[in-house]
Amino acid sequence: MTKIKVLDACMGSGKTTRIIQDISESDKDTKWIVVVPLLSETHRIAGTYPSVDSDGEEDESKPEGYQNGCVVYDPSHKLFGRAFKHPMTNNQQGSKLVGLKNLVENSDNIITTHALFKNLDSGVLREIKDKGYRLVIDEAIQCYTEYDQLSELPDLIANGVVYVDQEDGVTLRWNKEKAPEVLSRYQQEISLCDSGSLLLVGGKCLLWELSKDILLSFDEVVIATYLFEGSYLSGFLKYHGIQYEVEKFGKKGADFKGLIDIIQDPKMN
């Protein structure tokens, strides 16, 4: 069973520093995937440097040394020996998602962003589970959003290409036997239906939902955020019956009371 732990602390409390320390102290054979909100933050965790383009501008999407096949790591970084890899587009499909899958197949430690991580499909999740990866999510990941890329949904449902799973009454499934000739056109939607990530709410509102299988494919998940119990991710875990424990540390809201002035001015309020 996947163990999920939440590190709940405000900014500046040392969550990221603790994550780096915990990874550095883990068994050398343990494989990690660390997920952060922005590309600029991937280098801080991995101990890499962004590459510099011909105009002297930093390119956060590529680590220094990527072009010559030898990524440059900071030797003083605590995770120097872990050689975290960035998913890249150096594959036939030119896809970072394919790049991430290749890293998993190679059992590499991986640093990536929320946006890419949310698109993992069932195939790579099986590989992750088999290899016993551990996951770190820096900041609560988005688990629901409106999906507006399937305007022809009513026609697909009417023709039986897409149907609602009767088990929960909201999850959309793709009938591949009905539409084998359009598989390439709807590859993204097919993948989302396979992972149970497309929901039809109220018969008309199409939502994307994070697949619970993504989290449950890891041996252990650590989520570093603040005020977790008020987040959608907390509600998502409770809805799916996934247990977690919360460790709170650092400063509390009351510690900032002296920094706040409430102005009682009718002209401003």
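Student: Which way do Ile110, Thr112, Ile111 and Thr113 point from β5, and are they buried or exposed?

Tutor: Ile110 and Thr112 point one way and Ile111 and Thr113 the other way, and all are buried. Buried means under 20% relative accessible area, exposed means over 50%, and partly exposed lies in between, with a 1.4 Å probe and protein chains only. Please keep in mind that this is a predicted model, where local features need pLDDT of at least 70 and side-chain atom pairs count only at pLDDT 80 or more, while totals for chains, interfaces and linings use all residues. Residues are numbered from 1 along each chain as its sequence is written, and side-chain values use heavy atoms, with hydrogens and water left out.

Student: Why is β5 called an edge strand?

Tutor: Look at the open sheet of six strands, in the order β5-β2-β6-β12-β1-β13, with parallel pairing. Its edge strands are β5 (110-113) and β13 (245-248), each pairing on one side only. Neighbouring strands in this sheet are turned by 20 degrees against each other on average, direction ignored. Axes are lines fitted to C-alpha atoms, for helices over the stretch in contact, and angles run from 0 to 180 degrees between N-to-C directions.

Student: How do you know that β2 and β5 are paired?

Tutor: Two strands pair if DSSP finds at least two bridges between them. Strand β2 (residues 32-36) and β5 have four bridges in the parallel sense, so the pair meets the definition. Isoleucine 33, for instance, has isoleucine 110 in β5 as its bridge partner. Strands β6 (residues 134-138) and β12 (residues 220-225) pair in the parallel sense over five bridges, with valine 136 opposite valine 222.

Student: Which strands form the antiparallel sheet, and in what order?

Tutor: That open sheet has three strands in the order β7-β11-β10. Its edges are β7 (144-146) and β10 (198-201), each pairing on one side only. The twist averages 35 degrees from one strand to the next.

Student: What makes β11 a partner of β7 and of β10?

Tutor: Three bridges join β7 to β11 (residues 205-209), and four join β10 to β11. Tryptophan 208 in β11 is the bridge partner of threonine 145 and also of leucine 198. Tyrosine 144 stands opposite glutamate 209, and valine 201 opposite cysteine 205. β10 and β11 form a hairpin with three residues between them, and glycine 202 in the turn has a positive phi of about 65 degrees.

Student: Why is aspartate 130 called exposed?

Tutor: Its relative accessibility is 67%, so aspartate 130 falls in the exposed class. This residue sits in helix α5 (residues 122-131). Helices (H or I, at least four residues) and strands (E, at least two) are DSSP runs numbered from the N terminus.

Student: What is the volume of the largest pocket, and what makes it a pocket?

Tutor: Its volume is about 340 Å³. On a 1 Å grid over the protein atoms alone, a pocket is an open set of points with protein on both sides within 12 Å along at least five of seven lines, whereas a cavity is a set where a 1.4 Å probe fits but cannot get out; lining residues have an atom within 4 Å of a point. Grid points are joined across faces, edges and corners, and the volume is the space filled by probe spheres set on the points.

Student: Which residues lie nearest its centre?

Tutor: Asp168, Thr171, Gly196, Lys212 and His240 do, among 18 lining residues. β10 and α8 (212-216) each supply at least two residues of the lining.

Student: What makes a set of residues a nonpolar core, and how many residues has the largest?

Tutor: A core is a set of buried Ala, Val, Leu, Ile, Met, Phe, Trp, Tyr and Cys residues joined through side-chain atoms within 4.5 Å. The largest has 48 residues, and Ile33, Ile128, Leu135, Trp174 and Leu237 have the most contacts inside it. Another core of 15 residues lies apart from it, including Leu7, Ile23, Trp32 and Leu79.

Student: How much of the whole chain counts as buried?

Tutor: Of its 269 residues, 42% do. The chain has nine helices and 13 strands.
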